[in-house]
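Hi everyone, thanks for making time today. Please have a look at the model on the screen, and then I'll walk you through some of the packing.

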Amino acid sequence: MASIGQIVSPTPGNDALSRARSRAALVPDCLVEAKRIANTVIAGWHGRRKRGIGENFWQFRPYTEGESLSRIDWRRSARDDHTYIRDHEWEAAHTVWLWADMSPSMMYKSTYGHVSKEGRALVLMLALAEILARSGERIGCPGIMEPVSTRNAAERLAAALMHTPLEGGLPQTAMIRGWSDIVLIGDFLDDADTVMGRIGPLARRGLRGHVVEVADPAEELFPYSGRTEFTDPENGSKLVAGRAENLREDYQRAYLARRENLGQSLRHLGWTFVSHRTDRLTSEALVAVHMYLSGMPAKAALGGQP
């Protein structure tokens, strides 16, 4: 049977410099793709705009008893029999930390996926930086880049990643202060208890988190049959299955249970969870995460789809 998947980076695990150079070479292409996707998504909405403190006009809405009379727009109210309030747009910047897990398992790509999990995670990360920067937010990456509030935040993050590549696992967050959002992108293949053991302390510190699980279709579908050799990308251990198709049902049950347990545990902490496959459009995950960051249900952004 032909190979269904492969590790996209053939670099030996002990050659950190070569691996870093290989990943740095991937960043420019990911940035171009991220900007293209961000432009497509932004064309369909108004970013994170919402009513709040600011100078720019946002919308007219009916006056509610008890509100300050100074906020009434008398010119607009004179057009009909209703009294209208003039709302302004929220302009206070918020800090959003972005992180993509670059563990060896993220290098995987099957014939069913469009790109490797690594490539998709980087594109998602840079596209989020592009969209949030255009909305005036401060963008940072733990251990890579301090928060910046500038329109070219995605370019600056990409440049920082080329000099200091992301590492595997969850980031060091001691430098994060105050009430911020953090977006964690990875495959999260460990059991839910192990993942939550690392994430729980972040939530208790007041961080509002958003987890994006990036999965290759083969990891979910388990399309293997016949004699199949599986290799653990983390430690190199191997498992040979004589008839892999006999494992499919039990594997899928365990795989989906892990995902469901992780999602429920995160929601219990007040965090959000998005599962995304590399054979789907990047914009689907981008829209869902962005809407969560805006405080809206992701279903609203996906036309009511889960």
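Let's start with two helices: α3 passes α8 in a right-handed crossing, where right-handed means that the near helix is turned clockwise from the far one by less than a right angle, and left-handed means anticlockwise. When I say helix, I mean a DSSP run of H or I with at least four residues, a strand is a run of E with at least two, and both are numbered from the N terminus. Before I go further, this is a predicted model, so local features need pLDDT of at least 70 and side-chain atom pairs count only at pLDDT 80 or more, while totals for chains, interfaces and linings use all residues. Residues are numbered from 1 along each chain as its sequence is written, and side-chain values use heavy atoms, with hydrogens and water left out.

How do we describe two packed helices? By the angle between their axes and the distance between the axes. For α3 and α8, the axes come within 10 Å and cross at roughly 45°. The axes are lines fitted to C-alpha atoms, for helices over the stretch in contact, and the angles run from 0 to 180 degrees between N-to-C directions. The two helices α3 and α8 are therefore oblique to each other; under 35 degrees would be roughly parallel, over 145 roughly antiparallel, 65 to 115 roughly perpendicular, and oblique is the rest.

Which residues meet there? From α3 we have Arg120, Val123, Leu124, Ala127, Leu128, Ile131 and Leu132, and they meet Thr282, Ala285, Leu286, Val289, His290 and Leu293 of α8. By class, that contact of α3 with α8 has 10 nonpolar, 2 polar and 1 charged residues. Here nonpolar covers Ala, Val, Leu, Ile, Met, Phe, Trp, Tyr, Cys and Pro, charged covers Asp, Glu, Lys and Arg, and polar is the others, Gly among them. Contact means heavy atoms within 4.5 Å.

Now to the sheet. It is an open sheet of 6 strands, with mixed pairing, in the order β7-β6-β4-β8-β9-β12. At the edges stand β7 (145-148) and β12 (272-277), each with a single partner strand, so one side of each is left without a neighbour in the sheet. On average, neighbouring strands are turned by 15° against each other, direction ignored. Strands pair if DSSP finds at least two bridges between them.

Let me step through some of those pairs. β6 and β7 are antiparallel, with 2 bridges, and isoleucine 139 stands opposite valine 148 in β7. These two strands form a hairpin with 3 residues between them, and glycine 143 in the turn has a positive phi of about 75°. β4 and β6 run parallel and are joined by 3 bridges; threonine 95 stands opposite arginine 138 in β6. Strands β8 (residues 181-186) and β9 (residues 208-215) also pair, in the parallel sense over 6 bridges, and the bridge partner of leucine 184 in β9 is valine 211.

How do our two helices sit on this sheet? Helix α3 (residues 117-134) lies across β4 (95-100), β6 (138-141), β8, β9 and β12, running at about 170° to β4. Helix α8 (residues 282-293) packs on the sheet, touching β4, β8, β9 and β12, and its direction makes about 175° with that of β12.

Next, another helix pair. The axes of α5 (residues 192-204) and α7 (residues 248-268) come within 9 Å and cross at roughly 25°, and α5 and α7 are therefore roughly parallel to each other. Their crossing is right-handed too. In α5, Ala192, Val195, Met196 and Ile199 meet Arg258, Asn261, Leu262, Ser265 and Leu266 in α7. The residues of that contact divide into 6 nonpolar, 2 polar and 1 charged.

Leaving out residues up to four places away in sequence, aspartate 190 touches Val195, Arg198 and Arg258.
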